Amino acid sequence: MAWAMKAMQHAEVYYKLISSVDPQFLKLTKVDDQIYSEFRENFEKLKIDVLDPEELKSESAKEKWRPFCLKFDGIVEDFNYGTLLRLDCSQGYTEENTIFAPRIQFFAIEIARNREGYNKAVYTSVHDEEEKEGNHGREEGTDSGRAEEKGANREREKAKTNKGEEKEQGANKEISRSGETAM
């Protein structure tokens with residue numbers, strides 16, 4: 001039961017992280033570049049936006065994944081620790097959208113999703129929702145009102161970009177406090 005709670009806690013922290021910081025700029029491990037290059041070298045045609053569980057869990061898939069995962073034994077701490085992985089990267093962690101995978105498989109797929117822009121949908125949807133809530137109750141303005149709003153939006157985006165690194169550091173501290181290793 002403890003491993004399941006730890007895996008769920010890890011999933012919640014990761015989802016908060018990709019919701020608050022543009023995932024394209026996240027670094028999950030000290031060896032992200034190595035993981036990504038090995039992953040794309042071995043799984044260049046794997047569709048990562050919506051995963052097919054058979055491409056991860058079938059016997060033939062396991063035969064291909066096993067050597068990849070073992071390359072990171074001693075390089076990535078707890079490389080084979082059980083972790084929750086979203087099947088559809090545009091959705092959150094739900095029972096229907098989650099499978100259990102080794103940590104290195106999670107890192108490989110999520111690093112690729114971040115670098116290739118697939119996780120941006122989560123970040124964008126959260127920030128679009130915040131914008132809607134911020135505009136709730138405001139009447140439609142004139143063209144000059146919209147221009148002012150666009151200018152204000154640009155300023156908020158600049159501020160978010162500048163604060164993105166601070167949020168990432170805060171999220172990494174939260175991960176560390178939860179007993180997780182570097183992410």
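## The chain overall

Of the 183 residues in the protein chain, 38% count as buried (under 20% relative accessible area with a 1.4 Å probe and protein chains only; exposed is over 50%, partly exposed in between). This is a predicted model, so local features need pLDDT of at least 70 and side-chain atom pairs count only at pLDDT 80 or more, while totals for chains, interfaces and linings use all residues. Residues are numbered from 1 along each chain as its sequence is written, and side-chain values use heavy atoms, with hydrogens and water left out.

You'll find seven helices and two strands here, running α-α-α-α-β-β-α-α-α from the N terminus. Both kinds of element are DSSP runs numbered from the N terminus: H or I over at least four residues for helices, E over at least two for strands. Take the contacts (heavy atoms within 4.5 Å) between residues at least 6 apart in sequence: 71% of them join residues at least 24 apart.

The average pLDDT (the predictor's confidence in each residue, from 0 to 100) is 80 for the protein chain, and 70% of the residues score at least 70. Residues 138-148 fall below 50, and that stretch has three contacts in the model beyond near neighbours in sequence. Residues 158-183 are also below 50, but there the model has 38 such contacts.

## A look at H4

H4 has twelve residues and spans 16 Å from its first C-alpha to its last, close to the 16 Å expected at 1.5 Å a residue (that is, 1.5 Å times one less than the number of residues). Its buried residues are Ala61, Trp65, Phe68 and Cys69. They sit on the same side of H4 because they cover an arc of only 95° around the axis, going by the directions from the helix axis to the C-beta atoms. Over on the other side, Glu59, Ser60 and Leu70 are exposed.

What covers the buried side? The cover for H4's buried residues includes H2, H3 (54-57) and H5. As for Trp65, leaving aside neighbours within four places in sequence, its contacts are Phe39, Phe43, Leu46, Glu55, Leu56, Gln105 and Ile109.
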